[in-house]
Each structure stands twice: as C-alpha cells, then as structure tokens.
Amino acid sequence: MLQLDDFYHARSVLHQVLRPTALVQARKINPEMEVYLKPECLQRTGSFKVRGAYYKISQLSDTEKAKGVIACSAGNHAQGVALAATSMGVKSLICLPESAPISKIEATRRLGAEVYLVPGVYDDAYQKALQLRDEYGYTFVHPFDDAHVIAGQGTIGLELIEQLPDVDAVIVPVGGGGLIAGIAFVIKQLRPHVKVYGVQAEGAPSMLKSIETHHVIALDSVSTIADGIAVKVPGRLTFATCQQYVDGIITVSEDEICAAILQLIEAEKMIAEGAGATTVAAAMFNKVPLKGKKVVCVVSGGNIDVTILNRVINRGLAKSGRLCTIDLELDDQPGKLVDVCGVVAQQGANITSVHHDRSTNRKKVNTCVLRLTMETKNQTHIDNILQALREKGFEPYVNSHLK
C-alpha cells in the first residue's frame, strides 16, 4: 500500500542525489493555456528514473545490498539503477537485449554497472534477469511496479505543488505507470481538485486499454518512437493506483510526438526523447480540456538516440506545416517544370528537392510525375500553394507517406 509518508521520506533521501529541476514557463506550446514544463530531461542520467531506483536501493537491508541488485532495461531505468547502486557501493547487474543501442550499453557501463547482454528482445532479457535473481540472490529493481519505486517517482508531485501552488492540471507520460501513479497519488492526497492526465503513444496504449476494460491487459506488440513508454503490460499496483486517482488517459500520434520534440528544440532550447515529449504533444494539440488553465507537462527524459534525430525533426516539420512534399502529374514537355517552380517561388516557398520520374506506369504515355519537397511556413501557406497550382491548371496532392 502507498503511504504519503513514504513520499516525504523519499524526498529527504533523494535530496543528496537529485539535480533540482525548476519549472519553465513555455508560452509558445499552446497560447490557449498557461503551460509549464517540468524538465526531468535535465535530471542526472537524463531522466526521472534515478528517483525511483535510488530510493528503492536505499531502502534495502545491509544483507540485500551486499548481494547486489539486478534490473532489466534498454534505456533510462538501467542508467538510473547503475548510478544509484554505484553511489551507494552496491553491485548492479543490468540485463540488456543484444539489440540495445551501443550508446545506451556503454552509458550503463560508465555508471558502474555490469552489463549482461541477452540474445533476443526485452522480454528475453527480463526472463534472464529473473533467472539470475533466483540463482544468485540479487534484489530485482522493478522499473515501475514497486511501492518504493513509485514513491521515488512521486517526489515530482511534491515538487510541483510547491513550485506552482495554484496549478490546475498535470500531464504525465505513461508506460508501465510508475511515474503517473506516484504523481497522481501525491497530488490527489494534497490537492484533490488538481486534474492528473496520462498520455500514451498510439502504438503502445497498454494502460489506456487496461483502464477501459477494468483489468490489466497485455498488448500483443508495441511500436512507437517513444521507446521509454513502449510497455506491453502495465503494473498491477500502478494500474490500481491509476484507476483510483488519474482523471483520464489519452494518446498522441507519432507525428504529434515529433512535432512536440521539434517545438521543444526550437522554442524552449530543450532536448526531449519521444516519451518525454508526449505531454507537450498533448498540450499542443489540445488532447486535454484545459483551455485557460495552468498546466504542467512533465518532460520525463531527454535520452533520444541522436542517430534518428534528423528523421524526427523532418516528421515534426511536416506535422507543423514547415515541410511539405507534393506530387503532380505533368505533360512531359519543355517548360512545365519551370511553370510549377515559378508558382511555388511566387508563393514564397523554398524547394529543397525535385524528383522527375518518367518510369512509373500511367494511363497517359506522354506524362511524368514531379515530386517537390518544399520548406513552408505553416498549413495555411501549404493550402495557398496548392490553390495557386490548381489555378494554373495543375492537380497537386500532398504525399503524406513522406512525412
């Protein structure tokens, strides 16, 4: 059972390891609400996970600490456990799937953990961790379904109330549910009128489906750029807590997440991973009924894989109307390409890519497909360009598959 005293105790324990994360007002996220960011992406190890991991390990007995801890994670939890254990002189073993990014494997090692690479995927690594726990007597540090872990994560709720006493609502990313369970419990105990909303990726709505069906369910698969919340099965303790204290859970699309990452980079000079940006996406695209309210978005982490950042930015540009790809079927004769480019130039767009294709099968033999990628201002600008092209006799359409 969760007790409020545990959250206050966790805060006193965590004081020595946490990096303070002050609220940042973000005026450009959504002009219809007063948005503040809780930048846990600036936390040590780059995410909130160190809170729960550190508090959990701090509460182990001397015998348990002497035997060491084990965890399974492909990302933020691994680094949180490694940092926490090393700082307390406790041995840590982290089971990772062999497919985990090299950068995350090396980051976990640098923090002092022993890494055990397991063939297969996360579920295989999880089973191996349980096997090693039973074989060697390690304590398993669960990433979310543990009362001490939840208490550690919930210290964010205590901070939010102190930093913004008149807050109206808090939006929290949801994977397994440890973060939102802790925050929601604290806030509903101390400020029952404050709304708490969870947000999941459309490709990984395990908690949402569980709440809708009133029991914990396991998804067959998950697929999302927000790998930090790509969880097939929520925790039983976290599910029960969310059922009681969370006001609603919504989902955001991949394009909306990318647009939020881009907005944070451009407007707030802040790097967020997919999971951390989901809350900003929810506020940006009015997924929650909070117009005119003071809203805190918890940016849970910033450990985005830099190798995919360019693709994320391009999708964010496309979603926000800043990048557009159109296709047109043209008569294959001199001057047609110039005509099209002239219209685009008159409308003030910048063409970044031109593809002229004669090979595609079409009804008319003497036609070709022209594909243009343009830098644009917004969706209204795109609509104006399309209308201007139609007035010149062309039939353009936006190629949504290239977003």
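User: What makes a stretch count as a helix here, and which helix holds Ile-187?
Analyst: Helices are DSSP runs of H or I with at least four residues, and strands are E runs of at least two, numbered from the N terminus. Ile-187 sits in helix α8, residues 178-190. Residues are numbered from 1 along each chain as its sequence is written. This is a predicted model, where local features need pLDDT of at least 70, side-chain atom pairs count only at pLDDT 80 or more, and totals for chains, interfaces and linings use all residues, while side-chain values use heavy atoms, without hydrogens and water.

User: Why is Ile-187 called buried?
Analyst: Buried means under 20% relative accessible area, exposed over 50%, and partly exposed in between (1.4 Å probe, protein chains only). Ile-187 has 1%, so the residue is buried.

User: Which residues does Ile-187 contact beyond its neighbours within four places in sequence?
Analyst: Contact means heavy atoms within 4.5 Å. Among the partners of Ile-187 are Gly-157, Ile-161 and Val-170.

User: What makes a nonpolar core, and which residues touch the most other members of the largest one?
Analyst: A nonpolar core is a set of buried Ala, Val, Leu, Ile, Met, Phe, Trp, Tyr and Cys residues joined through side-chain atoms within 4.5 Å. In the largest, of 63 residues, they are Ile-57 and Val-170. Helix α8 gives the most to this core, eight residues.

User: How do you know where this core lies relative to domain 1 and domain 2?
Analyst: Domain bounds come from an automatic or database domain assignment. Domain 1 (4-46 + 147-315) and domain 2 (49-140) both give residues to the core, so it lies between them.
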